[in-house]
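Please keep the sequence and the 3D view open while reading them.

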Amino acid sequence: MRVAVVGATGAVGREILKVFEQKDFPLSELRLYASPRSAGTKLPFKGEEIPVEVLPEGPLPVDIVLASAGGSLSKKLAPVWAEGGALVIDNSSAWRYDPEVPLVIPQINPEAARKHKGIIANPNCTTAILAMALWPLHRAFRATHVVVSTYQAASGAGAGGMQELLGGTRAFLEGKKPEAKVFQHPLPFNVIPHIDRFLENDYTREEMKVVWETQKIFDAPEMKISTTAVRIPTLRAHAEAATVLFERPVTPEAAREVLEKAPGVQVVDEPEKNRYPMPLTATGKWEVEVGRIRKNLAFENALDFFVVGDQLLRGAALNAVEIAELFL
Ligand code: A2P
C-alpha cells in the first residue's frame, strides 16, 4: 500500500510513523509531506531517513493519505486527494460532521468506514478516548445520559502546545512570566476551562465535539451528553471523569466485567493499591485505562468512572492507522 502522511513533522504525524513501525504496516511506499518550513528535513523510519517533501497543491500519488495538518488545509485538499484516487483518513475536524463522511473508531463502527466516498474522518481525541470505555457499557446497559469533565493535555494543541508547556514551566521556575501564544492563558501551574472557541449555547466547540461525535459514532442521536472541557498542564494523555445514567440495571462489578473484555480498554481499578488511570501510566499505551468505577450517589442506576488515554495515539495516530488497516 502506498501511503502519504501529510503533516508528518507534527505531533500526530510523528506518532503515525511510530505506529507504522510498531505494527510493521505493509507499506510499498511512504511519502512524507509538510509545509515549506520543513523543506530539507528528514524523519527516521525503520532505520532509514525519509525526506520530508513540501506539500503540493494537487493530487498525491498514493493509495491512502493520512492527514494531520489542520482543518483548513484538509477542507481544501482532502477532496482533491480523494478525486485523485486516494482514500483520505483525516485527523482534523473539517469533515467529521458531514453526513456523507463516515466518522470511525474501528473497535466501534468499522462498518461505517466501508460507506466512504473518498474521505473518512478520525474523531476528536477526547471523544475517541471516552468512546472506548462508553461504547461497551452502552451496548451492555444502554447509556441514556452522560456528563463528562475533561483534563486535557497540551498535545491536543499540537507540537507547539507541548513546547509552550515545557518552555513555560521552565520560565515559571526561573521566576519569569510564561508565554501564552498557543493557549489563551499561561498553562503551567494553571487549568484553563476553554478549548477551541465559545459557541452561542455557552459551550465550547471542543465540548460540543464530544456530543456531536459520540452521537454519530454510536448512531445514538437520542443520547444526552454534556461536557466541560479543561486544559491542564500534562503533556500528552487526556483524562476524563464521566457520570453515566443507564436504562438497564447496572452495577460496578457488571461494568468491570464488560470493560475487561472490551478491545482497546485496560481496566486499572485497584484503589487499595493506589492503582487507577493516570496520564503518566497511560502515555505510550495503545489501550485506554479505565478505573474508579463506582455507583453514582446522586442518580439512580448510574456509574462514575475515570478514563485516561494517550491523546496522540488513541485520539489520533493509532486510530487513523487502524482505520487504514480496515482496507488492507
Ligand atoms: P511544518 O512542521 O512544516 O510546519 P502540529 O499539529 O504538531 O502543530 O503539526 C502540524 C503539521 O502540519 C506539521 O507537520 C506542519 O508542518 C504541517 N502543516 C501545517 N501547515 C501546513 C501547510 N500549509 N502545508 C503542509 N503542511 C502543513
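**Notes on the ligand site and selected residues**

1. A polar side-chain atom of Ser 35 lies 2.6 Å from an oxygen atom of the ligand. The model is a predicted one, and the distances quoted in this note are computed from it.

2. Two further residues reach oxygen atoms of the ligand. In Arg 37, an N or O atom of the side chain is 2.9 Å from a ligand oxygen. Gly 10 takes part through its backbone: one of its backbone N or O atoms is 3.0 Å from an oxygen atom of the ligand. On its own the ligand has 570 Å² of accessible area, and the protein covers 70% of this.

3. The surroundings of the ligand can be listed next. A shell of 15 residues surrounds the ligand, and the closest are Thr 9, Ala 11, Ser 35, Ser 38 and Ala 159. Sorted by class, the shell holds 7 nonpolar residues, 7 polar residues and 1 charged residue. As for location, the ligand sits in the largest pocket.

4. Is Thr 150 buried or exposed? Thr 150 belongs to strand β8, which runs over residues 143–151. Its relative accessibility is 1%, and buried means under 20%, so Thr 150 counts as buried. The side chain of Thr 150 also comes to 3.0 Å from the backbone nitrogen of Val 230.

5. Most residues other than glycine have a negative phi. Asp 196, which is not a glycine, has a positive phi near 65°. Asp 202 likewise has a positive phi, near 75°. Asp 196 is in the loop between α5 (158–173) and α6 (205–218), and Asp 202 is in the loop between α5 and α6.

6. How exposed are these aspartates? Asp 196 has a relative accessible area of 27%, so it is classed as partly exposed. Asp 202 has a relative accessible area of 65%; exposed means over 50%, and Asp 202 is therefore exposed.

7. Met 208 is in helix α6. With 12% relative accessibility, Met 208 counts as buried. What separates Met 208 from Thr 281, in sequence and in space? They are 73 residues apart in sequence, and their C-alpha atoms are 28 Å apart.

8. Leu 77 is part of helix α2, residues 71–83. Its relative accessible area is 4%, so Leu 77 is buried. Gly 58 is 19 residues from Leu 77 along the chain, and the C-alpha atoms of the two are separated by 7.7 Å.

9. Pro 277 is in a loop, the one between β11 (265–267) and α8 (279–282). Where a residue is in a loop, its accessibility still has to be checked. For Pro 277 the relative accessible area is 2%, and the residue is therefore buried. Pro 277 and Val 290 are 13 residues apart along the chain, with 5.9 Å between their C-alpha atoms.

Methods: Residues are numbered from 1 along each chain as its sequence is written. This is a predicted model: local features need pLDDT of at least 70, side-chain atom pairs count only at pLDDT 80 or more; totals for chains, interfaces and linings use all residues. Side-chain values use heavy atoms; hydrogens and water are left out. A residue is near a molecule or strand if one of its heavy atoms lies within 4 Å of it. A polar contact is a pair of N or O atoms within 3.5 Å; within protein, one must be able to donate a hydrogen and the other to accept it, and residues adjacent in sequence count only if both atoms are side-chain atoms. Accessible areas come from the Shrake-Rupley method with a 1.4 Å probe; for residues, only the protein chains shown count as cover. On a 1 Å grid over the protein atoms alone, a cavity is a set of points where a 1.4 Å probe fits but cannot get out, and a pocket is an open set with protein on both sides within 12 Å along at least five of seven lines; lining residues have an atom within 4 Å of a point. A molecule sits in a cavity or pocket if more than half of its atoms lie within 2 Å of its grid points. Ala, Val, Leu, Ile, Met, Phe, Trp, Tyr, Cys and Pro count as nonpolar, Asp, Glu, Lys and Arg as charged, and the others, Gly among them, as polar. Helices (H or I, at least four residues) and strands (E, at least two) are DSSP runs, numbered from the N terminus. Buried means under 20% relative accessible area, exposed over 50%, partly exposed in between (1.4 Å probe, protein chains only).
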